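Please look over the sequence and the model shown below before reading on. The report is meant to be read slowly, with the structure open beside it.

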Amino acid sequence: MSVNTQDHHTTAREPVPGSPPGGRARSGSSPRGRTPLWNWRTAQSVKGASLTFPFLAGFALFVLVPVGMALRESVYTTKSTGGLGFGGQTVSFAGLDNFAAGLVDGSFWTGMLRVFLYALVVVPLTQVLSLALALLLDAARRRAAARFRIALLLPYMVPGVVGTMVWIFQYSPTVGPLTPFFEIFGLDVNFFSSSMVWVSMGNLAVWGSLGFTMLILYGALQSVPHEIFEAARLDGASELRIAWSIKVPFVRASLVLTSLLSIIGTLQLFDQPLLFRAVTPETITRDFTPAMMIYDQAFKVGNLNYATALSVILALVVGVASAIIYRFINREEP
Amino acid sequence: MMRSRARWATAGLAVTALTGLTACSSTGASAGPAEAEGPVTIEIWGWNAETGEQIVDAFNEAQDDVEVKYVLQASNVATQTNFQNAMEAGSGVPCLVQGFAPLTTMVVNGWAQDITEQVEGSADLYNEGALAAAQVDGRYYGLPSGSDGQFYIVNQKTFDKYDVEVPTTWDEFVDAGRELKPHGVDITNLAGEDPSSLMNLAQQAGAEWFAIDGDQWVVNFTDDGTLAAADVFQQLIDEDLVSNQTYMDKPALLKYFDSGKMASVTTQWWSLGGYQVGFTDSAGDWSAHPIPQFADAAAPVTPGRTAPSFVPEGCEEPDAVMAYTDWLTTPEAVEAGRNAETGAIGFPTQIQDPAPYVEEVIPKDFFADEKAAGEEIVAAQETVIGKFELGPNYDAWFPELQDQWGKAVAGKITLEEAMTAVEEFVASDLESKGISYTVAE
């Protein structure tokens with residue numbers, strides 16, 4: 001998911017080779033009315049644009065087509081022909097009924113509120129910690145930084161489900177190492193209890209995404225011109241001051257990006273609660289988060305029409321939330 | 001190979017079905033589409049990575065009429081996904097699919113075909129529970145499948161240490177829990193995510209969550225049987241006589257089971273292997289007993305359910321499938337299913353008398369008395385109920401039952417409230433699916 005967004009981002013920002021700004025104006029310098037439809041510049045532009053074809057094809061096949069199919073699915077309703085349900089099913093056009101039902105579905109919006117509150121804590125926490133790590137790495141020697149970079153990125157390479165399993169064993173009050181660890185300080189911590197489940201999942205989320213976010217911010221820090229640091233040092237600025245007043249403003253655009261990715265990921269929270277459900281079933285119900293409810297509707301209840309309608313609503317919410325945050329954070333960018 | 005074929009012939013099994021099949025392929029008089037020369041080829045889908053293929057190979061060698069191809073699927077879920085896709089596409093539909101959901105679900109979705117004719121032809125190979133499990137509304141939509149009868153294993157050392165009698169009824173079971181509690185011992189474990197203990201006990205108590213009345217379903221999650229089962233668990237929960245360890249944290253679970261702090265558990269034959277590996281301290285302390293009964297039961301009954309394999313709509317060779325299924329009841333087939341690494345066989349719970357094989361499924365050095373344990377396992381199989389109708393929308397309501405069970409086990413609501421909530425969910429789901437139903441008074 002995040003990879004896709006990134007691709008999109010890169011493509012949108014990179015100028016297409018062969019079509020420099022002003023290219024059109026220059027081709028217009030030939031005598032009026034005799035501009036050939038297909039001159040070498042157009043050809044070059046097309047050639048350049050064609051480089052985006054692999055991306056566009058993948059994007060169409062794996063994003064646009066499924067979205068179209070989902071939209072189609074969401075305006076129908078499937079019902080049994082009655083009786084015991086052994087006689088097959090009929091599909092009928094339902095218009096916006098599924099969306100109307102989704103907009104007033106209490107459990108769906110409760111789940112939405114739940115992940116929203118969770119995001120309010122987890123997203124800033126991830127950004128602040130990642131930024132701190134990136135600044136520390138930036139201050140370290142290059143060789144040392146390279147080693148830490150890999151180590152910090154490791155959790156991101158672990159598939160989410162595997163990471164969750166690993167942490168469930170760490171959290172285990174019976175065989176895990178964490179409970180005895182906290183006992184040393186006289187604390188009785190049960191990571192499986194209902195009251196701790198958000199902390200348990202939040203810690204897991206931060207652990208999983210820290211490395212990736214840090215890497216993007218670290219990359220951005222590398223592109224800050226070093227002359228500025230030198231000038232600042234000559235003016236007597238401390239390292240802390242340089243970090244806060246020069247480095248952080250410089251990576252602002254990257255912070256916006258990582259925050260957005262983090263918000264999108266958090267609103268779609270799925271695999272962690274799904275696994276933690278076994279541990280605290282009295283807290284994590286089958287419709288705990290919007291994504292879990294969509295999964296339940298599609299593959300358990302078997303109501304694919306309603307599930308796709310809910311997916312569309314979730315996508316809209318994520319889109320709107322991203323747009324608002326983008327505007328909000330990006331407002332004062334120089 | 002000759003010898004095995006001879007043995008197969010002398011066993012005299014599967015003759016009925018194969019006669020029909022041979023007639024079909026040799027005379028060409030029947031309407032079967034594969035009446036040309038050569039064997040009928042069928043495809044089987046399942047997720048038995050250990051022995052699925054070798055069983056099929058043995059079958060192919062044992063006879064020349066049917067050629068089976070085993071298509072290994074990654075998992076239960078993968079089987080369902082791929083199967084749904086094949087049905088949707090209308091091509092590449094296999095002839096036999098391992099049961100990935102309860103049989104009624106397969107019928108409601110229009111996936112399983114009616115194979116009453118085939119199954120009735122060889123009904124005498126199977127036990128009653130296996131035949132009962134293969135039916136929906138009086139017709140066979142599934143292949144006879146063994147339900148693994150539940151029995152009761154106790155940590156005899158713990159029981160002896162605190163001088164507690166092994167319970168034979170569920171009331172005694174609760175009493176034993178009360179006696180063990182002061183010693184810091186739980187009578188059993190109820191995992192919050194797994195309501196199957198409740199389903200089993202309800203089945204044993206004669207509960208009928210779904211019944212068919214003419215053209216509609218009668219839904220009843222609060223009948224006498226269910227409430228009797230719920231009452232047993234409610235006492236255990238209220239008096240804190242059980243633990244709630246999750247299966248997700250398996251190392252912790254096994255460690256606790258092995259610690260002597262959990263006195264007993266109901267189980268089935270295939271769990272024993274895992275227990276043998278996980279129980280290092282308590283090995284040899286365990287004994288097997290019949291599952292406790294309800295005091296008012298007329299005759300002993302054993303809970304046990306299964307999800308039978310089925311023949312999909314669109315398969316044109318149900319006779320060949322039946323021939324293969326019948327062959328699975330032979331000693332040769334059981335032997336073919338022996339795991340090369342562990343040496344374990346699959347216990348053929350679908351056949352009339354699985355007793356000759358029971359010794360093979362008893363783990364070594366686990367039970368204090370292995371012979372007695374074997375007898376209990378066979379006895380459990382003799383009285384297994386097999387059928388527990390789960391209705392047309394099991395996939396939809398099972399997660400709801402999980403949610404409600406989890407809350408009840410944590411003491412947030414009572415089990416009766418939980419079952420009422422599940423019943424309401426079932427009703428509203430059937431309503432939205434357009435299936436006729438009535439909720440019993």
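What follows is a description of the model, one region at a time.

## How to read the model

This is a predicted model, in which local features need pLDDT of at least 70 and side-chain atom pairs count only at pLDDT 80 or more, while totals for chains, interfaces and linings use all residues. Residues are numbered from 1 along each chain as its sequence is written, and chains are lettered from A and ligands numbered from 1 in the order in which they are written.

Helices (H or I, at least four residues) and strands (E, at least two) are DSSP runs, numbered from the N terminus. Two strands are said to pair if DSSP finds at least two bridges between them.

## Where the two chains meet

Contact here is a matter of distance: two residues are in contact if their C-beta atoms, placed from the backbone, lie within 7 Å. By this rule, 25 residues of chain A are in contact with 32 residues of chain B. On the chain A side, strand S1 (76-80), helix H8 (160-171), helix H14 (271-279) and helix H15 (290-301) each give two or more residues, and H14(A) gives the most, with 4 residues. The residues of this side divide into 10 nonpolar, 9 polar and 6 charged, where Ala, Val, Leu, Ile, Met, Phe, Trp, Tyr, Cys and Pro count as nonpolar, Asp, Glu, Lys and Arg as charged, and the others, Gly among them, as polar.

## Chain A

For residues 112-325 of chain A, an unreviewed UniProt entry lists "domain: ABC transmembrane type-1"; UniProt positions are given in the numbering used here, feature names are shortened, and annotations may be inferred rather than shown by experiment. In the model, this span is 79% helix and 0% strand, and its end C-alpha atoms lie 17 Å apart.

S1(A) runs antiparallel to S2(A), and 5 bridges join them; within this pair, A:Thr77 stands opposite A:Ser92. Strand S2 (residues 89-93) of chain A is hardly covered, for the count of buried residues among its 5 residues is 0. A residue is buried if 20 or more other C-beta atoms lie within 10 Å of its own, exposed if 12 or fewer, and partly exposed in between, with C-beta atoms placed from the backbone.

## The domains of chain B

Chain B is divided into domain 1 (2-146 + 306-360) and domain 2 (151-303 + 393-439), with bounds that come from an automatic or database domain assignment. Taken over C-alpha atoms, the centres of the two domains of chain B are separated by 32 Å. Their contact takes 6 residues from domain 1 and 5 residues from domain 2, and the residues on the domain 1 side divide into 4 nonpolar, 1 polar and 1 charged.

## A parallel sheet in chain B

An open sheet of 3 strands in chain B has the order S2-S1-S3, with parallel pairing. Strand S2 (66-72) and strand S3 (96-97) of chain B stand at the edges with a single partner strand each, so one side of each has no neighbour in the sheet. Strand S1 (residues 40-46) of chain B pairs with S3(B) over 2 bridges, and B:Ile44 stands opposite B:Leu96 in S3(B).

Helix H3 (residues 52-62) of chain B lies across S1 and S2 of chain B, running at about 170° to S2(B); axes are lines fitted to C-alpha atoms, for helices over the stretch in contact, and angles run from 0 to 180 degrees between N-to-C directions. In the loop between S1 and H3 of chain B lies B:Glu50. Why is B:Glu50 classed as partly exposed? B:Glu50 is given this class because 15 other C-beta atoms lie within 10 Å. The C-alpha atoms of B:Glu50 and B:Arg338 are separated by 9.1 Å, although these residues are 288 residues apart along the chain.

## An antiparallel sheet in chain B

Another open sheet of chain B has 3 strands in the order S11-S6-S12, with antiparallel pairing. Its edge strands are S11 (264-267) and S12 (286-290) of chain B, each of which pairs on one side only, and the twist averages 30° from one strand to the next. Helix H17 (residues 370-382) of chain B packs on the sheet, touching S6 and S12 of chain B, and its direction makes about 30° with that of S12(B).

## A hairpin and its parallel partner

In a regular strand the side chains alternate between the two faces of the sheet. Strand S8 (residues 210-213) of chain B is joined to S9(B) by 4 antiparallel bridges, and their hairpin has 2 residues between the strands, with B:Gly214 taking a positive phi near 65°.
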